[in-house]
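Please keep the structure in view while reading.

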Amino acid sequence: MGETQEPQLSPETCFTIHMGEPQEVQLSKIEPSGAKETNSLEDNSFGGPMNESIMSNKKRYYRWLRVAIHSSLVLVCASAAVLLGRLYYEKGGKSKWMGTLVQLAGFPIQLPVYFFLAPKNLTTNNSIHPKQPSVSMLSFIYVSIGLLVALDCYLYSVGLWYLPVSTYSLICSSQLAFNAFFSYFLNSLKFTPYIINSLVLLTISSTLLVFQNESSSDDDDDSDSTKISKKKYVIGFICTVGASAGYGLWLSITQLVFKKVIKRETFKVILDMILYPSLVATLVTLVGLFASGEWSGLKDEMKGYELGKASYLLNLTFTAILWQVFTIGCLGLISEVSSLFSNAISALGVPIVPMLAVLFFHDKMDGIKGISMVLAIWGIVSYVYQQYLDDTKSENRNTTSHVPKASSPIEEVHR
């Protein structure tokens, strides 16, 4: 016929010729490109999760660093503010409304931070949550929280006026139980064994000192001064418990507003939640100060202050500043973790304030107080450990969710 030429076979023809050997065809087809595909998948599956793991660890580190900073602000500022508030009454201060006002009126010091340092690029948050609450809804929230805060601060002021600072501080630890109660209904809090253990220990811690003070007052002589002190103790106890309940409710409502209404937890939103309710609470307190007539005695009160006029003004000024910094730390913990965690850190000041009160106000320190402090620290550590377990489980869940998706194509190639 003629000289036969060797046909130039295309890849498609090669596959047709080897159709009789399907296994070889499958191997010859997949081996050259399959290795490349495998390498590509390996790069994506091992390099991607590794980078994600590093980024996750960094985010976790910075998150706990922020938590540590906020916790330090809460502990230091709350302890110092309580001691200064008690010093105001010890050295001649008498106005309960002024004691309330200094807890609220320092909010203007945050205005420079609000206007110049607060982040203004909120487009990402708005795109994630396009439906933002209306102005009327936000106004209702700010006014309601402001009224609650004003009442709460006044009750705290009355309690601090009538009670020793160590007793006052330990009764305040009951706010953790109130916060847990309200968070159960408002924020669907789940009670784990560690949280229950924390609540029980902190409740016992505060109860021990309360009964000790009652028993010690019963041992005193039945004189007029003793009767008055018992009456003041009851009033102070009721007001402090009521203030603790109000504080726990405020934290739970704030967490609910962050998650369900505002749906953003930026620095500016946190400052909004501080400034506007503080403005409302300050106006309400000023009305109470003038309506009660206590404003007319402030001038004489400053003149009769044992440490002098300058110390009087410095006391009120620094108390106002410390309470505002405390509020920033408190809301930072709410946005980073939860309202119950914020309250638990606040309760950690329970053993700190009595120890400082021994140094500055010469409060008595005995075995029951020491046991109370140990139980309080144990309760706080129990709750913090539960938070650590929750955070670890969340990180592990996120890590394992990426592995099957990346490894499944590789299994199909090598199957």
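The largest cavity of this predicted model has a lining of 34 residues, and those nearest its centre are Gln103, Tyr156, Tyr247, Trp323 and Phe326. Its volume is about 560 Å³. In total, the structure contains 2 cavities of 30 Å³ or more.

At least two lining residues come from each of the helices H2 (22-90), H6 (135-162), H7 (165-172), H10 (224-262), H11 (267-292), H13 (309-336), H14 (339-347) and H15 (349-360). Among the contributors, H6 gives the most, with 6 residues. Sorted by class, the lining of the largest cavity consists of 22 nonpolar, 11 polar and 1 charged residues.

The second largest cavity has a volume of about 140 Å³. It is lined by 17 residues, of which Gly85, Gly99, Val102, Gln103 and Leu160 are the closest to its centre. Helices H2, H3 (96-101), H6 and H13 each supply at least two residues of the lining of the second largest cavity. Here H2 gives the most, with 5 residues. The lining of the second largest cavity divides into 11 nonpolar and 6 polar residues, with no charged residue.

Is valine 269 buried or exposed? Valine 269 counts as buried because its relative accessibility is 4%, and the cut-off for burial is under 20%. Leaving aside residues up to four places away in sequence, valine 269 touches Phe258, Ile262 and Arg264. Valine 269 and tyrosine 114 are separated by 155 residues in sequence, while their C-alpha atoms are 9.8 Å apart in space.

A disulfide is a covalent bond between the sulfur atoms of two cysteines. How many disulfides does the structure contain? The count comes to 0 disulfides, with a pair of cysteine sulfur atoms required to lie within 2.5 Å. Cysteine 77 has a relative accessible area of 7% and is therefore buried. Cysteine 330 also counts as buried, at 0% relative accessibility.

Technical notes. Residues numbered from 1 in each chain as written. Predicted model: local features only at pLDDT ≥ 70, side-chain atom pairs only at ≥ 80, totals over all residues. Heavy atoms only, no water. 1 Å grid on protein atoms, 1.4 Å probe; cavity = no way out; pocket = protein on both sides within 12 Å on 5 of 7 lines; lining within 4 Å. Points joined across faces, edges and corners; volume = space filled by probe spheres on them. Helix = DSSP H or I, 4+ residues; strand = E, 2+ residues; numbered from the N terminus. Nonpolar A, V, L, I, M, F, W, Y, C, P; charged D, E, K, R; others polar. Buried < 20%, exposed > 50% of the residue type's maximum accessible area, 1.4 Å probe, protein only. Contact = heavy atoms within 4.5 Å.
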